[in-house]
Amino acid sequence: METTLYRKQRQVLIFFVLLGIAQAGSEPTLYSVAEETESGSFVANLLTDLGLEVEELASRGARLVSKGKNLHLHLDRQTGDLLVNEKLDREELCGSTEPCVLPFQVLLENPLQFFLGQLWVKDINDHSPVFLDNEIILKIPESIAPGTTFLIERAQDLDVGSNSLQNYTLSPNFYFHLKLQDSPDGILPQLVLEKALDREEEPEIRLILTALDGGNPPRSCTALVRIEVVDINDNAPEFTKLLYEVQVPENSPVGFQVATVSARDLDSGINGEIAYTFSQASEDIRKTFRVNAKSGELLLARTLDYESIQTYTVNIQATDGGGLTGGCVVFVQVLDLNDNPPELSISTLTNEVPENLMEALIAVFSVSDPDSGDNGRLACSIPDDLPFLLTPSVENFYTIRTRSALDREEREEYNITITVTDAGSPRLRTQHTLAVRVADENDNAPEFTQACYTLRVRENNSPALALGSVRATDRDAGSNAQLSYSLLAGPQPGPDAAALVSIDADSGQLFALRPLDYEALPAFELRVRAADRGAPPRSSQARVRVQVLDANDHAPRVLYPPQNASAPCTELLPRAAEPGYLVSKVVAVDRDSGQNAWLSFRLLQATEPGLWGVAPHNGEVRTARPLSERDAPRHRLLLLVQDHGEPPRSASVALHVLLVDGFSQAHLPPPAAPPERAQPDRLAASLLVALAALAALGLAALLLFVAGRLCRRRGARSRGGCALPDPPFPARLLDAGPAGTLARGGRHLGALRGATGATEVNSLKPIFPNLSPQIPGNEIEGAPSFRNSLGFSIQ
């Protein structure tokens, strides 16, 4: 009874020690529940201990985590109640360890916080004491003196504390009484001989041994103690050592020799023959070890596991042939081997992280190792070349966060390999890979493949003609990379691009909306915009220059000789003209450009084809041979002006030539030759001198005017002198611009008509032979008009 009271006091003391630890601010909070409580039973409400409201449990993602893989508790986020997750068996969870305390943690996020707790699983009286053998046989020599004590096998009770084995009782008899002795392994029952045995009077004694626990109501079991009275054997076996201490590595093979015990007996014969057996051995020891009855070798019956049991106390009894026994203890210490790899348990995992986020929580996990010492000391790491940071937390918990903002365009997915390594020999490690995707943000604007595109289209195109395409790319993904193209106004003032060109919003293909005219618009620019569909959208622009190519859609137009005059233009040709004499020059223009505007001239028809020659490049009409008296006085020439386009276009012009002996012959009647002609001749000479002076002044003024115009045009292009620009085409082909095709020079004849007679001027040469009064701005005001091969005459 004293022993029972002592055990109760110790359990109460342990309870108060645990309760004091639970009340400490930095220590885990202790909760208790009885074993075998049904799943879903209420344990406690954590709101007060956590300092939270009910709404914060869900918002902060409260969850229970534990060191092992099995969660014995469940947290109700709706109420904050801590509930039993499964029926708990204290004996299965803790065995003989008392108190049975299961640690757990409450994990809170936003911010990350841990709450440490412990669950004390209280024992209930759910197991009855059990004797391993229903019949206990003792062989006692009859010579044993009263007062001798005999050890008997004790009962086993899986319960602890007050529910464990507390008492034994013995059925009434005349020879023995029961003595109980406390030991570290519990109460040991002993039989004490009160009266000397007499084999001849009673060779066998049967007793009932009852084992009782301290439960309410108490549970019990019984065993039959059969005592066989034997003849005198006055020497009991004695072991050479009473305590054997051995160390055995775990995972040693079955049959491994743990130890060899040895005992000797001074008796001889059958009384000196010793047999070794277990004494006071539990069922677990009997399953783990076996003893050789003859040699005393203690062998393994199954492999040892340090993580389950670290030490064994094996009682071995030596019994001689006369029934006397002796005992020894073998203390087996299991050596830990590094046979368990580290374990990793993920509590929180984020598989997708937005890019450009400075700090994001990726995972929360815990590591554990059932081994001990260096074998259970763990180191956790992740690759250093990844933008993630591994941070240790409480109770072997770790967090993984981003070290810096992630860029999806640089890398879209990361594989984080968590390596957990112990310090044992050999080192064991566990690896777990987390796949983390980087979610795209619209942080990249579209980029065109070119800053400026040049498209070419020939004029007079058909509507809806495809001109070409522009292309842009976006480094983002999904809708952030889906592009839409649109037109903007051009960078310079000009026609509306939307009226000329359209663009396909999806492909960037450009189309002409109407036919284009090179002469009206040789080129134009527009801007194209590419925008993605992100939120907010991003865009970029590019310039597109459309060049209209010229087509030969205009025929040459003849400026001289004029074709719309009321009377045909007649050129005067003196009969004394030598071969190569410049009769006239055909001036023509073409609105096209390039080779479509390069003009050539040739003679189609003439009264005397052999008399005339036409320069193919400048349109000059000259005499091909000397004139004779047989040549007709009037001639009509039909000339063709043709460009070099494909197909070529042309125009024709008629030129009338009048052959004269002198300039006055075509305009004056035949002279009568009167004797009195001196005075009219002097008058005509005076008029001719005055007219020549006026013409010289006009030509000088015209020279100054044209020189000033040419200097102003040249000054806009260069800061040099006023030299005329070089012709843009070869000398053999002259480009007919708006001013026509001009001659390089020539000899011109004029005629002066007087009142009574005619005076010939045969050597009048213009200072600027290339000027034509048909061009606006080239007329000389106040000067009489000249008409010859350059289109002016003197009257």
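Asn-442 lies in the loop between strand E31 (429–439) and strand E32 (447–448); strands (E, at least two residues) and helices (H or I, at least four residues) are DSSP runs, numbered from the N terminus. The model is predicted, so local features need pLDDT of at least 70 and side-chain atom pairs count only at pLDDT 80 or more, while totals for chains, interfaces and linings use all residues. Residues are numbered from 1 along each chain as its sequence is written, and side-chain values use heavy atoms, with hydrogens and water left out.

Asn-442 is buried, at a relative accessible area of 11%; buried means under 20%, exposed over 50%, and partly exposed in between (1.4 Å probe, protein chains only). Beyond its neighbours within four places in sequence, Asn-442 is in contact with residues including Asp-476, Asn-480 and Arg-538, where contact means heavy atoms within 4.5 Å. The table gives the polar contacts of its side chain (a pair of N or O atoms within 3.5 Å; within protein, one must be able to donate a hydrogen and the other to accept it, and residues adjacent in sequence count only if both atoms are side-chain atoms).

| Group on Asn-442 | Partner | Distance |
|---|---|---|
| Asn-442 side chain | Asp-532 side chain | 3.2 Å |

Elsewhere, 3 strands form an open antiparallel sheet in the order E34-E38-E37; strands pair if DSSP finds at least two bridges between them. The edge strands, each pairing on one side only, are E34 (465–469) and E37 (501–503). E37 and E38 (residues 509–512) pair over 3 bridges, and Val-501 has Ala-512 in E38 as its bridge partner.
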